[in-house]
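Visitor: Hi, I'm new to this one. Could you walk me through it?

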Amino acid sequence: MTNENQAVLDVQKIRKTYGRVEALREIDLRVAAGEFLTLLGASGSGKTTLLRIIAGFETPDSGRVSIRGADMTWASAAERQIGMVFQNYALFPHLTVLENVMFPLEMRRITRRAAADRARAALDSVHLGVFGDRYPRQLSGGQQQRVALARAIVFEPSLLLLDEPFSALDRRLRESMQQEVKQLQSSLGLTTIFITHDQEEALVMSDRIAVIGGGAIRQIGTPAEIYYHPNSISVATFVGESNIFEGAPKGRSFYAASGAHFSLAAPTDCNRMLIRPEAITLSRASVPADPREANVFAAQVLDRSFVGGFTVYRVRLAQGDEVSVRAIAREDAIFQPGETLQLTVAPADCRPLTDRSAA
Ligand SMILES: Nc1ncnc2c1ncn2[C@@H]1O[C@H](COP(=O)(O)OP(=O)(O)OP(=O)(O)O)[C@@H](O)[C@H]1O
């Protein structure tokens, strides 16, 4: 198989407008076989529109959708062989759990007996083998969502689309469902597109994340690339907590507008810089440090919030910048508002933001 053929989904130059709203500007996206790709974006960013175009519920103004190399832009949803799971389960209430899962197979004219066997196997894979005779109303929300998942995978779809499937579940259940879906997806090698506005969920689940904003893909990459090397302020602030500095670069130095000077790991010409709150260390001792290994500042604690395993401090550098710091909570190192501390951050953790256009 050539590299060309390895993309299960190939979306090219997709545009979609609703009246004067440009829901999608020009989307290009390729998803490889077995890949778990997340579309992450705020409400109204265009995620659902893109998913609906991929699924065949909506047609684009221009552009092309190919699945396994075949042009599907104008094909019906049924022709695309796509499994879908939505936020609101969408099970048939008058059918049993087993009948719900058999449904897509019967639509494909598979005999009742073979359909029942495959549906039982799909229910086993989501640990609901014993619930086949129940009706959806007799199941919990999490169980109903697992039935919806079994129904989406039972016909071995080329592509699985998951549209905010966990958002109606409570936090605990959501986390265990995330693990379960991820395991099932990778063990079956299912090519999957997942929609969420929850950045933590995106980081946990995905092989790659496409961050969508204003109908365009702002950045696409692995969770670590997106988290550690966001290309813009919008991506940096959407994924994780961030301290953003504006200023002037000079070789391996960055001068914040306040005058605070930071050494960088490599030269840059970017005029914005990101420091993640957990990359910063606060300490009472003042330790002399080599500027090539640590940027050192005096900082005063403004306030703090205790969040269980860690504490978030807001501090002000002597130069005036306000900075958020996330420290592992240790009972013997709780800093008080008003205290002046030493703040250190490694040059490698001072990250230039490369894309100045998409602030
Ligand atoms: N049928 C429609 N008619 C008019 N405008 C629409 C329609 N569907 C979507 N839009 C607009 O297109 C833009 C993108 O909407 P979309 O539903 O794709 O966003 P989203 O990222 O999925 O948001 P959410 O997370 O809230 O579902 C929004 O401005 C929305 O108001």
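Guide: Let me start with a term: a residue is buried if 20 or more other C-beta atoms lie within 10 Å of its own, exposed if 12 or fewer, and partly exposed in between, with C-beta atoms placed from the backbone. This is a predicted model, in which local features need pLDDT of at least 70 and side-chain atom pairs count only at pLDDT 80 or more, while totals for chains, interfaces and linings use all residues. Residues are numbered from 1 along each chain as its sequence is written.

Visitor: OK, is Arg-109 buried or exposed?

Guide: Arg-109 is exposed, because 7 other C-beta atoms lie within 10 Å.

Visitor: And what is phi of Arg-109 near?

Guide: Phi of Arg-109 is near 60°, a positive value in a residue other than glycine. Most residues other than glycine have a negative phi.

Visitor: Where is Arg-109?

Guide: Arg-109 sits in the loop between helix 2 and helix 3 (112-125), where helices (H or I, at least four residues) and strands (E, at least two) are DSSP runs numbered from the N terminus.

Visitor: What about Arg-68, what is its phi near?

Guide: Phi of Arg-68, also positive, is near 50°, and this residue lies in the loop between strand 4 (62-67) and strand 5 (70-71). Arg-68 is partly exposed, since 16 other C-beta atoms are within 10 Å.

Visitor: New topic: at what angle do helix 2 and helix 4 pack?

Guide: Helix 2 (residues 97-107) packs against helix 4 at an angle of about 30°, and their axes are 7 Å apart. The two helices are therefore roughly parallel to each other, a label for angles under 35 degrees.

Key
Axes are lines fitted to C-alpha atoms, for helices over the stretch in contact, and angles run from 0 to 180 degrees between N-to-C directions. Angles under 35 degrees count as roughly parallel, over 145 as roughly antiparallel, 65 to 115 as roughly perpendicular and the rest as oblique.
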